[in-house]
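Please find below my notes on the model under review. They take up the strand pairing and then the helix packing.

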Amino acid sequence: MFSVGPRISRSILTKVSTVQSTRTMVTITEGVEFDTVAREWRCKWSADDDKASLAEAQKALNSVLDSVKKVDGFKKVDRVVCGGCLDFKVITSLPADKFDAWTEADFAPEGEFLDKLKNIKGISTVETQTYTLMPM
């Protein structure tokens with residue numbers, strides 16, 4: 001079983017069940033289940049130079065997007081841009097039962113992408129986070 005990050009340990013993931021033979025559900029506690037785990041890569045961009053850092057961040061994403069889509073179990077990738085708080089986020093979602101393998105692969109191509117972001121003038125606060133998703 002995978003870990004959902006440093007704040008959610010394996011011991012609280014109490015139940016795994018298969019729903020309709022296609023979805024693996026994990027229960028964190030009674031009434032709190034999920035079937036998807038997501039990895040978020042995020043940074044802050046600058047509006048300087050006609051938002052050049054945002055354009056470069058998008059180019060960096062484009063350069064690794066095919067590799068992201070080849071991750072075993074890939075469900076989807078979302079890009080979030082906030083013009084108010086200057087966020088650039090990439091969220092890759094996998095089924096809960098496929099996430100461990102990606103963790104063991106160091107979330108490739110995460111390292112390559114983060115290195116590219118860190119080398120863009122105007123990009124700051126490069127971070128990652130893992131969390132669960134569940135449609136309600």
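**Notes on the predicted model**

1. In this predicted model, K76 has S93 of β6 as its bridge partner. The strands concerned are β5 and β6 (residues 87-95), which run antiparallel and are joined by 7 bridges.

2. This pairing belongs to an open sheet of 4 strands, in which the order is β5-β6-β4-β7 and the pairing is antiparallel. The edges are formed by β5 (76-82) and β7 (124-133); each has a single partner strand, so one side of each lacks a neighbour in the sheet. On average, and with direction ignored, neighbouring strands of the sheet are turned by 15° against each other.

3. The helix pair deserves a separate comment. Helix α1 (residues 48-69) packs with helix α3 (residues 110-118) at an angle of about 160°, and their axes lie 9 Å apart. Angles over 145 degrees count as roughly antiparallel, and α1 and α3 are therefore described as roughly antiparallel to each other. The crossing of these two helices, α1 and α3, is right-handed.

4. Which residues make the contact between α1 and α3? On the α1 side they are A57, A60, L61, S63 and V64, while α3 contributes E112, F113, K116 and L117. By class, the residues of this contact of α1 with α3 comprise 6 nonpolar, 1 polar and 2 charged.

Methods
Residues are numbered from 1 along each chain as its sequence is written. This is a predicted model: local features need pLDDT of at least 70, side-chain atom pairs count only at pLDDT 80 or more; totals for chains, interfaces and linings use all residues. Side-chain values use heavy atoms; hydrogens and water are left out. Axes are lines fitted to C-alpha atoms, for helices over the stretch in contact, and angles run from 0 to 180 degrees between N-to-C directions. Angles under 35 degrees count as roughly parallel, over 145 as roughly antiparallel, 65 to 115 as roughly perpendicular and the rest as oblique. A crossing is left-handed if the near helix is turned anticlockwise from the far one by less than a right angle, and right-handed if clockwise. Contact means heavy atoms within 4.5 Å. Ala, Val, Leu, Ile, Met, Phe, Trp, Tyr, Cys and Pro count as nonpolar, Asp, Glu, Lys and Arg as charged, and the others, Gly among them, as polar. Two strands pair if DSSP finds at least two bridges between them.
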